[in-house]
Amino acid sequence: MKRLNALSRNARLTLRILVSALLVAGVVWTGLMATSPQFGKREYAGGSMESSVNHYSTFLRVTPDSWEGWEGPFNRGTARIGVGIGAGRASSVGEQYTDVEDAAAVESGVGDLEAALERVPEAERSGDRVVDPEGRPECTVRRNLSLGYELQGDVLLGEAAGDGAGSGAGGDSDGGGSAGDDDDNVEAAEAREAAIELYTKAQETIAPCTDWTENQEQWDRQEEKKQEQQQENGGGTDDPPKPPPPDDPEPEPEDPETQQKQDELDERNQRGLQVHEQGQQEGGSGGGVNW
C-alpha cells in the first residue's frame, strides 16, 4: 500500500512538472511570436539588417505556416535585400547601378518576396492596373520584389565588369586580341543578356502598380538600364509598336479634265490596235505603231 501511495505521489509530481514545462514553453512560444516582429522592425529601422533578418527568421520558425500570412516572408525578404545592398555604393558599371555587397542575401530576399507575393491579397484592379496603388499591400510587395530582380541584374553586370578588368593580358605584342579576350567578350555579352531578362522581369512585376509615382520612376530606371545593355550588345531597342493600318480611303472624285485625257488615250490605243491588226491581215511586216 505504501508503495502504491509513493508511486501515486511520483506520478502526480511528474504530471505537475510536465504541465509546468508546457506552460513555460507556451509562454515562450507566444512571446517569440509577439516580440520577434517588433524587434525585427526596430533593428531594420536602426540599420541593423542582419539582426533584423535573425528576428524575422525566429518569427517564421515558431509560427505555423497557416498563421504566417504574407508579412513574415515580406519583412525578412526586405531585410535580406538590405543586407545585400549594404552601403549601397555606385557600381563600376555606372552611377545608377548598385554595387551589391552580398549577392546571396539578395537571392534569398527575392525568394522570400516571391513567397510573399503568392500570399498577399490581390488588390482591386481596373484592367491590368491596380486602383490607387499607393499603400496597397500587393504593390508594396511588388515594389520590393521588382527591386530585388533589378539588383540581381546589377550583380551579373558587376561580376562581368570585374572579370573583364584584366582581360587584355596575354595579347600579341602588336596589340592584336587573344582567344581570352574573345571569351571575355562572349561572357560579358551573355551577362548583359541575362541582366536584360531580369530588368524586364522587374518591370513586369511592378507594372500593375505604376500609377504610383515612385513605382513609375523605378520602372523608368529599369527601362534605362535595359536599353543601355541592349545597345551594348548591338541589339538596340525594340521597335515601337506599329499603328494599325488605315482603312481603305474613299475614292476621290475624278477630275473632268484628267478623265477626258484618259478617254482620248484609250481611243488612240484602240485605233492603233485596229491598224496593227489590219496590217497583219494584209501581210505587212507588223511594224510598230506610233501611238
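Start with the largest nonpolar core, which has 15 residues. Select Phe74, Ile81, Val106, Val110 and Val141, those with the most contacts inside this core. Such a core is a set of buried Ala, Val, Leu, Ile, Met, Phe, Trp, Tyr and Cys residues joined through side-chain atoms within 4.5 Å. Buried means under 20% relative accessible area, exposed over 50%, partly exposed in between (1.4 Å probe, protein chains only).

Now colour α4 (71-85), α5 (103-119) and α6 (137-163), the elements that give two or more residues to this core. α6 gives the most, with five residues. Helices here are DSSP runs (H or I, at least four residues), numbered from the N terminus.

A second, separate core of six residues includes Met49, Val53, Tyr56 and Ala79.

This is a predicted model: local features need pLDDT of at least 70, side-chain atom pairs count only at pLDDT 80 or more, and totals for chains, interfaces and linings use all residues. Residues are numbered from 1 along each chain as its sequence is written, and side-chain values use heavy atoms, with hydrogens and water left out.

Next, select tyrosine 44, in helix α1 (residues 2-45). Tyrosine 44 is partly exposed, at 35% relative accessible area. Beyond its neighbours within four places in sequence, tyrosine 44 contacts (heavy atoms within 4.5 Å) Met49, Ser52, Thr78 and Ala79.

Finish at helix α8 (residues 213-232). Its buried residues include Asn215, Gln218 and Gln222. Down the axis of α8, the buried residues fall within an arc of 165° (directions from the axis to the C-beta atoms), so they line one face of the helix. On the other side of α8, Thr213 and Gln231 are exposed.

Technical notes. Expected span 1.5 Å × (residues − 1).
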